[in-house]
Amino acid sequence: MVSQIKAKQKNMLSDLKLKIKNKEARICVVGLGYVGLPLLVAFAEAGHPVLGLEISKKKFELLSKGKSPVQGVEDQRIKKLIKSKKLKFASTFSAIKTQDVVIICVPTPLSKSWDPDLSFIMSATLGISENLKKSQLIILESTTYPGTTEEILLTEFEKDGLQVGRDFYLCFSPERIDPGNANFDTSNIPKVVGGVTNKCTELGSILYKNIVKEVVTVSSPRAAEMSKLLENTFRIVNIGLINELAKAAEDLNIDIWEVIEAAKTKPFGFMPFYPGPGIGGHCIGVDPMYLSWKAKFHGQELRFIDLARQVNESMPGFVVGNVATLLNEKQKSISGSKILLIGVSYKKDVDDVRESPAIEIIEMLQSQGAIVEYHDPFVPKLHWEEIRLLSKPLTKKTLSDSDLVLITTDHTDMDYESIVEGSKVIFDTRNILRNKGFISKNINTL
Ligand SMILES: NC(=O)c1ccc[n+]([C@@H]2O[C@H](COP(=O)([O-])OP(=O)(O)OC[C@H]3O[C@@H](n4cnc5c(N)ncnc54)[C@H](O)[C@@H]3O)[C@@H](O)[C@H]2O)c1
């Protein structure tokens with residue numbers, strides 16, 4: 001009897017493996033945002049039948065009509081996949097009963113007190129647990145602190161006697177996409193996979209090989225969770241360092257950009273990071289806080305992260321201080337001046353304004369009495385807390401009417417020539433103008 005059960009389990013595992021290898025495995029992606037939707041489409045385009053599960057009614061309705069809410073995933077791709085019946089959408093968890101693989105890509109923000117907010121992961125976990133089918137492979141992709149997959153998902157899935165590696169399979173695989181980066185997408189960014197058991201890792205690895213060139217396996221979900229946080233911590237710390245040095249360079253009357261260019265000629269042991277108006281988005285601003293929160297439970301204070309955060313958070317104020325100085329040189333004050341921001345998304349070539357430093361800069365300038373306008377081809381309207389602004393067309397009049405033009409995001413396709421020609425004073429926090437070869441007296445840099 002025991003041997004029959006074991007043989008059945010072995011068969012179920014090899015069935016799942018075969019289905020995945022043959023791209024017949026039905027894959028459900030939970031959460032169709034910047035991460036989930038490109039992943040869903042990648043699996044569908046590779047040949048898998050896929051199901052997108054989204055709780056936002058608005059997004060679900062848009063997607064069901066073949067309309068993409070995510071930049072970089074074109075409507076035609078969705079429409080084509082819907083037509084071919086490879087792609088379906090659902091809004092309730094009962095739909096996962098028919099699926100072989102479930103991948104979770106829900107948000108992992110911070111609470112108001114800067115603690116991890118795992119409410120989205122918890123609700124997805126419960127939804128899956130209530131509908132878990134034997135032999136399903138579940139993968140968490142949302143960035144989170146080390147231990148989440150085993151402490152939260154595994155505990156919940158095993159609570160009624162099911163066993164990982166026997167009745168279901170569980171992995172963590174961090175998402176590493178870089179929205180707006182034309183050189184890297186899902187297919188050419190190596191995928192890290194850590195399963196709870198070896199069988200879990202093997203299944204996860206076979207699955208991702210269907211859509212990415214390289215899969216890197218690690219020994220546990222914890223190692224995979226931590227690898228993502230190491231990448232992002234490395235970035236927050238180095239950006240914090242160069243921001244702090246940029247402030248010091250200003251006092252020393254040294255051009256930090258020139259210094260970085262010189263330093264980066266060293267062919268080893270140096271990697272350039274650049275100063276800016278502050279950090280935004282999820283990866284750098286939020287993710288390392290998950291690690292520092294978790295480390296505190298083990299009596300460790302991750303001081304590098306906290307220090308880098310403090311320095312980076314001081315940058316919007318530093319930018320506003322520079323704006324005040326530049327206006328002062330023209331016998332003007334922030335109060336009553338018209339200031340035009342170029343770019344409000346948190347980084348170039350994306351439409352994402354989450355945690356964007358431009359928002360804090362706008363709030364600071366407005367609170368000091370400035371008349372703030374902005375131009376951003378990726379963000380036609382900016383509705384964020386108290387801010388209600390529409391992107392102004394970049395005309396000669398918009399530029400000449402502004403007392404100061406503040407470049408906060410270095411979008412690639414921007415009419416920088418007109419900006420240089422038409423602006424009275426420019427403060428370029430990204431050094432994009434000099435990088436593009438513009439030399440003009442009205443250009444000032446961070
Ligand atoms: N955006 C990035 O560049 C990026 C890069 C790497 C990793 N990540 C990580 O990936 C995760 C997702 O980020 P994102 O930017 O795609 O977020 P997002 O807000 O763009 O998308 C998440 C989606 O999940 C949906 N959702 C929330 N709870 C749900 C539930 N219970 N069931 C179904 N759908 C649900 C939301 O409605 C939303 O559409 C986060 O952990 C983030 O840190 C993001």
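In this predicted model, the shell around the ligand divides into 14 nonpolar, 10 polar and three charged residues. The ligand is surrounded by 27 residues. Gly31, Gly33, Tyr34, Val35 and Ser142 are the closest of these. Helix α5, which spans residues 119-129, supplies the largest share of the shell. Its contribution is four residues.

The protein is divided into two domains: domain 1 covers residues 2-229 and domain 2 covers residues 255-445. Taken over C-alpha atoms, the centres of domain 1 and domain 2 are 35 Å apart. Contacts between the domains involve 15 residues of domain 1 and 14 residues of domain 2. On the side of domain 1 that touches domain 2, nine residues are nonpolar. Five residues on that side are polar, and one is charged.

Glutamate 151 was examined individually. This residue lies in helix α6, which runs over residues 148-157. Glutamate 151 has 13 C-beta neighbours inside 10 Å, and therefore counts as partly exposed. The exposed class ends at 12 or fewer such neighbours, while the buried class begins at 20 or more. The separation of glutamate 151 from aspartate 401 was also computed. In sequence, glutamate 151 and aspartate 401 are 250 residues apart. In space, 57 Å lie between glutamate 151 and aspartate 401, C-alpha to C-alpha.

Methods
Residues numbered from 1 in each chain as written. Predicted model: local features only at pLDDT ≥ 70, side-chain atom pairs only at ≥ 80, totals over all residues. Domains from an automatic or database assignment. Contact = placed C-beta atoms within 7 Å. Nonpolar A, V, L, I, M, F, W, Y, C, P; charged D, E, K, R; others polar. Near = placed C-beta within 6 Å. Helix = DSSP H or I, 4+ residues; strand = E, 2+ residues; numbered from the N terminus.
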